[in-house]
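I opened my notebook to look up a few things in this structure, one entry at a time. Here is what I went through.

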Amino acid sequence: MPETSVSTLVLELFLKYEFWRDHHHMISPDYFEKESRKIYDTIVLSHQRYEHDLNLQELEALVISHNPMLTSAEKVSILDVIRQMNGSISPDVAKDVLRSAFREYIGQTIANLGLELMDGSAQDLSKVQELVERYQDGFQPDEVLVEVSVEWDDIFAVGADNYPWKWNLRALHDLCPGIGPGTLSTVFALVETGKSAFVVSTSFGPNSFITQGAKVMMICNEESAKRTMQRAAMAHSGLTIEEAYKNREQGKRRWDCVKDLATVRDAQDYPTMNAVEALVRKKKPDVLIIDQLDKMQVSGVFTRDDLRLGEVYRKARFMAKKHNLALIAVSQADASADGRTSLSFTQMANSKIGKAAEADVIIGIGKENTDNGIDNFLRYLHVSKNKLGGSHGRAIVKIAPQVSRYY
């Protein structure tokens, strides 16, 4: 694609940090080529590092410093593109320009994929599917308007705060009424504390989400999907692994009541958030658990891991709202959580504030260090963020790891 005034205009729009932050996901880096691609990469790296608007003088200096091997001819071409950026565009016009460039890029990409299918260089529709999964949200028509009623009876309608899936731990339920469509909850703890057991117990155990009628999907980054499915069946039936093999009919009778509502998959088969979203479209779960969300992949270039994690959690929140599901993210605590019984969201690992900012509810699972070093099986659930009603506070519970249940 030759350098065009449109690509130059898009680059100019992206000099504004807030505009880039809110809209950069709409355009692929592949939209830019040659000099424009070098400028685009520089803008992205600079925004991730400095988080403020760039002026043209700063952009020129940064492009040169980030590309020390440029020839004199390349420098002249790049500076020529930058010096075309001399206009001032209002935000509404800027969005229309970006939308037009976005659709141009998607249309051209789909056309090229069609040619590849026709000449045999592409053998399946996976590239087309990936493109649709990644970019379909950019085609929402302008005329689609979602209005919120101003009528008193609608504002205070019974059940307006729809959190149908209740926590099956009474002390936690007293702090948080439940979760529901469009909510993002984060559960975090140190290793060997019982993070996976917590989501297994609350999702598959007695009075859990699945027994309440929720379709539950779990994506497993920690243990294998097969092992997690075993733990789910053990939590539901109350049978240990040895008892499950010995009392097959008893376990089967209990599990058959809910098995059609359960979906458990390995993250290695769905390593990206886009792949998970494709599975969500197919299975349509009410509750989605990703253990651990931090390990999921998203597209983009990130100079720091906290920036990548912020985008992962932003994508998770967007997925929850878009697909009308309750998403539970499992995460890791940092070293400061060792021996603590009240974990605040500031103790989540590898994040400044990006992960915490996206969540509606954050539950830290604390575990005390005993004098003899033997686990007393007490766990402390600290709700340090709660936007769904209820309150902040701590619930003391007990874990039974042999059946993956919390009491």
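Before anything else I noted the cut-offs: a residue is buried under 20% relative accessible area, exposed over 50%, and partly exposed in between. I also reminded myself that this is a predicted model.

**Entry: helix α5.** Which residues sit on the face of α5 turned away from its buried side? I found the exposed residues Ser72, Ala73 and Val76 there. The helix runs over residues 72-82, and its buried residues are Ile78, Leu79, Val81 and Ile82. Looking down the axis of α5, I saw these buried residues fall within an arc of 155 degrees, so they line one face of the helix.

**Entry: salt bridges.** I counted 16 salt bridges.

Lys355 and Asp294 meet through their side chains at 2.8 Å, N to O. This pair links distant parts of the chain, 61 residues apart: Lys355 is in helix α16 (residues 354-358), and Asp294 is in the loop between β4 (287-291) and α15 (305-322).

Arg281 and Glu277 form a salt bridge at 3.4 Å, N to O. They are four residues apart in helix α14 (residues 273-283), so about one helical turn separates them. Arg281 counts as partly exposed at 23% relative accessibility, whereas Glu277 counts as buried at 1%. I also noted that Glu277, Arg281, Lys315 and Lys322 are linked in a network of salt bridges.

For Arg227 and Glu223, the closest N and O atoms of the salt bridge are 4.0 Å apart. Arg227 is partly exposed at 31% relative accessibility, and Glu223 is partly exposed with a relative accessible area of 31%.

**Entry: second largest pocket.** I got a volume of about 390 Å³ for it. Of its 15 lining residues, the closest to the centre are Glu192, Thr193, Gly194, Ser196 and Arg231. The elements giving two or more residues to this lining are α10 (195-204) and α11 (225-237). Which element gives the most? That is α10, with three residues.

**Entry: Asn162.** I found Asn162 in the loop between α8 and α9 (170-175). Its C-alpha atom is separated by 8.9 Å from that of Gly178, 16 residues apart along the chain.

Technical notes:
Residues are numbered from 1 along each chain as its sequence is written. This is a predicted model: local features need pLDDT of at least 70, side-chain atom pairs count only at pLDDT 80 or more; totals for chains, interfaces and linings use all residues. Side-chain values use heavy atoms; hydrogens and water are left out. Buried means under 20% relative accessible area, exposed over 50%, partly exposed in between (1.4 Å probe, protein chains only). The arc is that of the directions from the helix axis to the C-beta atoms. On a 1 Å grid over the protein atoms alone, a cavity is a set of points where a 1.4 Å probe fits but cannot get out, and a pocket is an open set with protein on both sides within 12 Å along at least five of seven lines; lining residues have an atom within 4 Å of a point. Grid points are joined across faces, edges and corners, and a volume is the space filled by probe spheres set on the points.
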